[in-house]
Amino acid sequence: MTSQDKTKYQELPIRPHGILWQEDFITPSHEAQLISIFQNELEWPSRSGRISLHYGYSFDYKTFGIDPDIPYKEFPDWLQPLIPTTEGRPPEQVCLQYYPPGSGIPPHVDAHMAYDQLYALSIGAPIMMQFRRGEERVDVDLVPRCMMQMTGESRLFWTHGIKKRKNDTLADGSVRPRGDRWSITYRWVREGECECGDVEVCDVAQRKNGVEKEKRSLKELTTKEEGEGGVSG
């Protein structure tokens, strides 16, 4: 199965709408090869918790856009077969992240001004992601080797995040310990401006309406939510 086989994507029958899903985007043997590369061949930042490596343009954790001060980095050979294409071009920004057991990421919406399409490939242990809008909460189980594309309201209007905890409680009430997990997030630079007009989540609409939205890094958001009893996702 190749990254270009778009006929395999199915929309999840849930709200938020627009979560497109492809199971077994890669084979178990390909996954094992990738994990070996991640563990033995890549140079990761020397700190604990969730860590990231960037390809193409670098993600800016303060503006949630592209970091203009870091040069473009070509995609490595191992990444090339994993690149989905949309609108006839590859993504401009790819982020490989390692999630050790217990780590998470605060709920957020990827910037509307900077990015258009958003895909994510899960590798290693499964983990529960939560989508949120207002009082609504929807859990999605990110199983190994699945490719998820966020479109429509799931991309633009609902936050997505992962709770910082050692175990996930599944729909049947069973508890599943977390293991080592990697994710590859693909982002396409937006051509033109977002026209959704949602001042609550859209940085383009906020700018047009004179709304100054506080910009905080994901690290700062994580610290804040840990102090409030754990990172929500």
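The second largest cavity holds about 30 Å³ of space. A cavity here is a set of points on a 1 Å grid over the protein atoms alone where a 1.4 Å probe fits but cannot get out, and lining residues have an atom within 4 Å of a point. Volume is the space filled by probe spheres set on the points, which are joined across faces, edges and corners. This is a predicted model, where local features need pLDDT of at least 70 and side-chain atom pairs pLDDT 80 or more, while totals for chains, interfaces and linings use all residues. Residues are numbered from 1 along each chain as its sequence is written, and side-chain values use heavy atoms, with hydrogens and water left out.

Tyr99, Pro100 and Arg178 are among the residues lining that second cavity. As for the largest cavity, Gln97, Tyr99, Ile105, His160 and Thr185 lie nearest its centre. β13 (181-189) gives the most to that lining, with 4 residues. Strands are DSSP runs of E, at least two residues long, numbered from the N terminus.

Now for a hairpin. β7 (residues 127-133) and β8 (residues 136-142) pair antiparallel over 7 bridges; pairing takes at least two DSSP bridges. Met128 sits opposite Asp141 in β8, and Gly134 takes a positive phi near 60 degrees in this hairpin, which has 2 residues between the strands.

Terms used. 1 Å grid on protein atoms, 1.4 Å probe; cavity = no way out; pocket = protein on both sides within 12 Å on 5 of 7 lines; lining within 4 Å.
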